[in-house]
Amino acid sequence: MVDLSNIEVATCIRCDAINYKTDSHSHDQHAMMLLPVSSTMTVNDEHYGMRRLLERDYFYYVEAGLPHDTWANRSYQEHIAVYLNRDWQSVDFH
């Protein structure tokens, strides 16, 4: 269990979009967790040179400052994006 009491959650956004796609970008001030709600999406992590299919019951964590782009694999896709301040990256999970 991770103690989140001292970690400020910047924002949480639920996206339900038709033909969802982002251009390459990074979030310099916060990390992000992507959680699909329906359908699947693909995350292209440019820093690590990895492309991942993301489906329900899984999430993808993007560190602050890492370039990435995302897109829906079908015309309609829903996901939740949770943005966390940079302190999240220094949390000891052990």
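The chain exposes about 6100 Å², and carbon and sulfur atoms supply 49% of that area. The structure is a predicted model. Buried residues account for 38% of the 94 residues in the chain.

The secondary structure consists of seven strands and zero helices. Read from the N terminus, the order of elements is therefore β-β-β-β-β-β-β. Contacts reach across the sequence: of those between residues at least 6 apart, 75% join residues at least 24 apart.

The interior can be followed through its nonpolar residues. In soluble globular proteins, nonpolar side chains tend to be buried together. In this chain the largest nonpolar core has 14 residues, and the members that touch the most others are Tyr20, Met32, Leu34 and Leu54. Several strands contribute to this core, with at least two residues each from β1 (9–18), β2 (30–38), β3 (41–45), β5 (60–62) and β7 (76–85).

Leu54 shows what surrounds one of these core residues. With neighbours within four places in sequence left aside, Leu54 is in contact with Leu34, Pro36, Thr40, Met41, Val43, Phe59 and Tyr60. Leu34, one of these partners, is also among the core members that touch the most others.

The loop between β1 and β2 holds both Asn19 and Thr22. Thr22 has a relative accessibility of 17%, and it counts as buried because this value is under 20%. Beyond residues up to four places away in sequence, Thr22 touches Asp69 and Thr70. Asn19, by contrast, counts as exposed because its relative accessibility of 57% is over 50%. One loop thus contains a buried residue, Thr22, and an exposed one, Asn19.

The backbone at Asn19 also deserves a look. Most residues other than glycine have a negative phi. Asn19 is not a glycine, yet its phi is positive, near 55°.

A second case of this kind is Asp57, which has a positive phi of about 75° although it is not a glycine. Asp57 is located in the loop between β4 (50–54) and β5. With a relative accessible area of 72%, Asp57 is exposed, because the cut-off for that class is over 50%.

Terms used:
Residues numbered from 1 in each chain as written. Predicted model: local features only at pLDDT ≥ 70, side-chain atom pairs only at ≥ 80, totals over all residues. Heavy atoms only, no water. Core = buried A, V, L, I, M, F, W, Y, C linked by side-chain atoms within 4.5 Å. Buried < 20%, exposed > 50% of the residue type's maximum accessible area, 1.4 Å probe, protein only. Helix = DSSP H or I, 4+ residues; strand = E, 2+ residues; numbered from the N terminus. Contact = heavy atoms within 4.5 Å. Areas by Shrake-Rupley, 256 points an atom, 1.4 Å probe, with all protein chains shown as cover.
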